[in-house]
Amino acid sequence: MGKEIICKVRFGKQESQGKALLETGEVLFRGDFRLKIPFSTITSAKAVDGELRLRTAEGLAAFQIGAAAGKWLEKILHPKSRIEKLGVKAGAKVSLLGELEADFLREVLALTKSVAKGKAAPDCEHIFFAADSKADFSALPKVTKSMSGPTALWIVYPKGQKHITENDVLAVGRKIGLKDVKVVGFSTTHTALKFVIPLVNR
């Protein structure tokens, strides 16, 4: 979930008012024309007089976003890693449930050796639960019982699918008594929603 600003954008000979969104790995614009600028395609980025100027092979896009230009530039030039966005610290106790991508497993193991696979370990700080369909939700009540204090349950699910949507994930998390507090772009194909035990129940 990115930041969004209503602003004016120039791109080549086109100019339009619309909505600019700063996402995890791209900048989007929706107005009289649409832009999708992945960070990886940006050849130069500058903030000048309240304008964020992004140059790609397709041309220069100038976003008139005022004071936010410098902040957006910093996030584009120095994006947080996935592990940083998920808040996993060195030495943290982590549990991994379900089929999570190998790259993520390597990232976790590079930070901590306290990793439990296939079960939710007691006193763990982060539980990552892969849900490929709503049928996987049946395991969640048991997982929730192992949570205590500020334990974070991250439900990782496919993006843009009809058989399992963000609303489905939010509904099941709330049904089992948890509070949704954060969403992170987990990968190009998956999203992670963070749930915690409400403060009044800890």
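# Notebook: strands, cysteines and rings

I began with the link from β6 to β7 and found a hairpin of two residues. Helices (H or I, at least four residues) and strands (E, at least two) are taken as DSSP runs, numbered from the N terminus. The model is predicted, with pLDDT of at least 70 needed for local features and 80 or more for side-chain atom pairs, while totals for chains, interfaces and linings use all residues. Residues are numbered from 1 along each chain as its sequence is written, and side-chain values use heavy atoms, with hydrogens and water left out.

**Entry 1: around β7**

Strand β6 (residues 51-56) runs antiparallel to β7, and six bridges join them. Among the residues involved, leucine 52 has phenylalanine 63 of β7 as its bridge partner. β7 (residues 59-64) also pairs with strand β1 (residues 3-11), again in the antiparallel sense, over four bridges. There I noted phenylalanine 11, which is bridged to alanine 61 in β7.

**Entry 2: cysteines**

How many disulfides does the structure hold? I found zero, taking a disulfide as a pair of cysteine sulfur atoms within 2.5 Å. I then checked accessibility, where buried means under 20% relative accessible area, exposed over 50% and partly exposed in between (1.4 Å probe, protein chains only). Cysteine 7 has a relative accessible area of 2% and is therefore buried. Cysteine 124 also counts as buried, because its relative accessibility is 4%.

**Entry 3: the six-stranded sheet**

I traced an open sheet of six strands with mixed pairing, in the order β9-β8-β10-β11-β13-β12. Its edge strands, each pairing on one side only, are β9 (115-117) and β12 (179-185). From one strand to the next, the twist averages 20 degrees. For angles, axes are lines fitted to C-alpha atoms, for helices over the stretch in contact, and values run from 0 to 180 degrees between N-to-C directions.

One of the bridge pairs is glycine 185 with threonine 191 of β13. Helix α5 (residues 166-175) lies across β11 (152-158), β12 and β13, at about 20 degrees to β13; contact here means heavy atoms within 4.5 Å.

**Entry 4: aromatic rings**

I counted five aromatic pairs in the structure. Rings of Phe, Tyr and Trp (its six-membered ring) pair if their centres lie within 6.5 Å; planes under 30 degrees apart count as stacked, over 60 as edge-to-face and the rest as tilted.

Why is the pair of phenylalanine 29 and phenylalanine 33 tilted? The centres are 5.4 Å apart and the planes stand at 50 degrees, so the pair is tilted. Phenylalanine 29 is buried at 1% relative accessibility, and phenylalanine 33 is buried at 8%.

The pair of phenylalanine 128 and tryptophan 154 is stacked, because the planes are at 10 degrees, with centres 6.1 Å apart. This pair links distant parts of the chain, 26 residues apart: phenylalanine 128 is in strand β10 (residues 126-130) and tryptophan 154 in strand β11. Phenylalanine 128 has a relative accessible area of 0% and is buried, and tryptophan 154 is buried at 0%.

I also noted that Phe104, Phe128, Trp154 and Phe186 form one aromatic cluster. Arginine 82 lies over the face of phenylalanine 186, 4.6 Å from the ring centre. The criterion is NZ of Lys or CZ of Arg within 6 Å of the ring centre and within 35 degrees of the ring normal.

Definitions and conventions. Two strands pair if DSSP finds at least two bridges between them.
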